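Dear colleague,

I am passing on the two-chain file for you to look through, and my notes follow directly after it. Please read them with the structure open beside you.

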Amino acid sequence: MTQSVLAGTSGTSRPEVADSPPLATAPRGRKRRGQGVAYLFLSPWIIGATLLTIGPMAASLYLSFTDYDLFSPPNWIGVENYVTMFTGDERFWHAAWVTTKYVLISVPLKLGLALAVAMLLNRPRMGVGLYRSAFYAPSLLGASVSVALAWRALFSTDGTVDKVLASVGVDTGGWVDQPQYALLTLVALAAWQFGAPMVIFLAGLKQVPKELYEAAAIDGAGPARRFLSVTLPMLSPVILFNLVLETIHAFQAFTGAFVVSSGRGGPSDSTLLYPLYLYQRGFTDFRMGYASAMAWVLLAVVAILTALVFRSARRWVFYAGEDR
Amino acid sequence: MSTSLASTGKVVWPRKVVWHVLVLGVLLVLLYPVIWLVSTSFKPATEVISTLALLPREPTGNNYAEVFDGVGEFGVLHYFWNSLMISAGAVVGNVVSCSLAAYAFGRLHFRGRGPMFGFMMITIMLPQHVVLIPQYVIFQQMDMVNTFWPLILPKFLATDAFFIFLMVQFIRTLPRELDEAATLDGCGPVGVFRHVILPLLRPALITTAIFTFIWTWNDFFSQLIYLNDPEKFTLPLALQLFIDQATQSAFGPMFAMSVLALLPIGLFFLAFQRFLVDGVATSGIKG
């Protein structure tokens with residue numbers, strides 16, 4: 001099962017795996033006819049990729065150099081949007097900073113929780129399957145407006161969190177109303193959905209050969225040592241996969257911030273995640289050129305980060321039997 | 001401490017109990033917000049925020065009655081229906097278009113397959129913001145803003161590349177001998193797809209259908225952008241109407257509607273939990 005998770009990891013970095021099964025047996029004529037049919041099968045995807053992905057990507061790159069506002073034709077203004085963004089827009093830098101904090105706290109927290117609970121559940125006990133499903137449930141619910149609304153209420157002044165903390169003598173007030181805590185409610189909402197990476201970790205843990213633990217135990221390794229020397233290295237491909245997926249995901253978080261701050265990113269812009277600011281610029285201020293430029297900066301940042309993670313992976317990801 | 005006195009059989013038993021208690025404890029904290037949401041939806045207005053008590057002292061269905069009467073201009077069923085139409089359309093679109101593309105990528109040989117597959121994989125990672133504005137302009141030019149088309153049509157063009165990848169992975173595990181046998185019996189590529197691949201692909205099709213449904217049902221961003229006429233609003237958008245007037249008196253109905261919006265996901269989850277969780281385990285769906 002993990003096999004395909006791993007295949008997923010390598011598939012995303014090395015897509016040419018697709019070419020591996022060659023079929024040389026078909027005679028020429030049939031092969032050519034097969035080609036036509038192949039394009040027929042692919043035609044929805046080809047149309048979609050062209051009209052809804054490649055075309056729009058090129059168009060948004062072009063629009064990022066214009067002052068497009070949706071109502072009048074775009075005028076070429078060169079790099080002005082980018083210059084404004086980097087030198088004259090405090091809210092842009094603020095949004096970038098809020099998003100950085102959000103990603104740096106929520107992703108490790110989510111993955112840490114996922115791994116911890118996966119370790120807890122990774123034993124042959126009655127009801128493990130049921131528990132696994134129950135822990136996964138928040139991952140399905142968490143993206144909804146419903147849960148975001150519940151979150152807003154739970155973390156508001158006199159909400160459950162406020163009252164519980166007050167009862168143990170910690171007086172924070174409502175988190176959603178205070179700039180220093182508001183982002184933490186979004187972090188909590190993200191971490192709450194640790195079930196999906198947990199399920200992937202569990203599948204990975206099942207693949208770790210029992211002999212390795214036995215051998216380590218014979219060598220006198222305690223639980224901590226076994227975790228560091230056996231579990232973590234054996235799990236590293238899965239950690240890489242989860243890390244990349246969750247990071248890309250975190251950069252695009254929107255619904256929670258929108259609902260908790262009524263679409264404004266407040267209080268004091270403390271929940272102004274980058275996608276929310278992009279939305280405001282594009283669809284509230286109708287500065288579509290500017291929003292396009294922001295989208296390309298986002299793409300560049302995500303692409304560079306992903307590349308860096310994959311690069312660093314050579315040093316810390318261990319593939320069993322990779323010397324083959 | 002006294003365990004050393006007990007027999008080994010007795011030492012094992014309490015450890016199991018401790019484990020179950022620990023897991024259940026964590027689970028309770030984790031699911032508390034959901035339990036709280038459901039229970040609050042049955043509380044009368046006076047109780048909604050005044051008490052920490054989880055269970056309503058005087059349970060009431062008034063919040064639900066109010067929501068059925070009307071949120072904004074329409075009753076909750078109107079929004080429910082809109083959400084359902086979009087989700088159902090998206091499911092059909094994804095299942096059809098992604099299985100067609102996956103068959104081509106997984107089994108057929110054609111010029112440009114490698115680069116195309118590579119590009120398809122990259123689009124899985126692509127933040128949607130980078131195509132958002134031109135797509136909006138396209139649909140605006142076609143007079144489709146404020147209709148369901150911008151939310152359904154792309155699914156028929158296989159834009160959710162993730163599901164293509166999921167099905168390609170699945171198709172690669174199917175034995176090629178079956179294709180060859182069908183070919184010997186006179187099946188062309190279309191016949192092989194219809195009579196061999198499609199029936200065997202069922203588990204992957206079901207996974208695709210369920211996840212497409214849930215993601216579309218929960219989707220907020222694209223619906224927010226493309227739908228601004230209350231008549232076309234979906235459940236998430238109608239819920240958002242509450243946000244600005246979120247005074248405590250509106251909390252009851254708001255949570256009643258939240259629960260109704262989560263209900264289909266809950267039912268899907270109960271019916272297909274094994275499918276969902278295994279789907280994540282085998283393919284790394286982000287969920």
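Which residues are buried in H7(B)? They are B:Ala161, B:Phe162, B:Phe163, B:Ile164, B:Phe165, B:Leu166, B:Met167, B:Val168 and B:Phe170, where buried stands for 20 or more other C-beta atoms within 10 Å of a residue's own, exposed for 12 or fewer and partly exposed for anything in between, with the C-beta atoms placed from the backbone.

Before going further, please note that this is a predicted model, in which local features need pLDDT of at least 70 and side-chain atom pairs count only at pLDDT 80 or more, while totals for chains, interfaces and linings use all residues. Residues are numbered from 1 along each chain as its sequence is written, and chains are lettered from A and ligands numbered from 1 in the order in which they are written.

As to confidence, chain A has an average pLDDT (the predictor's confidence in each residue, from 0 to 100) of 86, and 88% of the residues score at least 70. Over residues 1-29 of chain A, however, the pLDDT is below 50, although this stretch has 44 contacts in the model beyond near neighbours in sequence; a contact requires C-beta atoms, placed from the backbone, that lie within 7 Å. Where pLDDT is low, the predicted coordinates should not be read in detail.

Chain A contains 14 helices and zero strands, these being DSSP runs numbered from the N terminus (H or I with at least four residues for helices, E with at least two for strands). Of its 324 residues, 44% count as buried, and among the contacts in chain A with a separation of 6 or more, 69% join residues 24 or more positions apart.

To return to helix H7 of chain B, residues 161-172, its twelve residues reach 17 Å from the first C-alpha to the last, close to the 16 Å expected at 1.5 Å a residue, a span taken as 1.5 Å times one less than the number of residues.

Between the chains, 73 residues of chain B are in contact with 89 residues of chain A. H13(B) gives the most to the chain B side, with 13 residues, and that side divides into 51 nonpolar, 17 polar and five charged residues, where Ala, Val, Leu, Ile, Met, Phe, Trp, Tyr, Cys and Pro count as nonpolar, Asp, Glu, Lys and Arg as charged, and the others, Gly among them, as polar.

Finally, two loop residues deserve a look. A:Leu70, in the loop between helix H2 (28-63) and helix H3 (80-88) of chain A, has a positive phi near 80 degrees without being a glycine, and is partly exposed, with 15 other C-beta atoms within 10 Å. B:Asp143, also not a glycine, has a positive phi of about 60 degrees; B:Asp143 lies in the loop between helix H5 (129-141) and helix H6 (149-156) of chain B and counts as exposed, with 9 C-beta neighbours inside 10 Å.

With best wishes

How values were computed. Contact = placed C-beta atoms within 7 Å.
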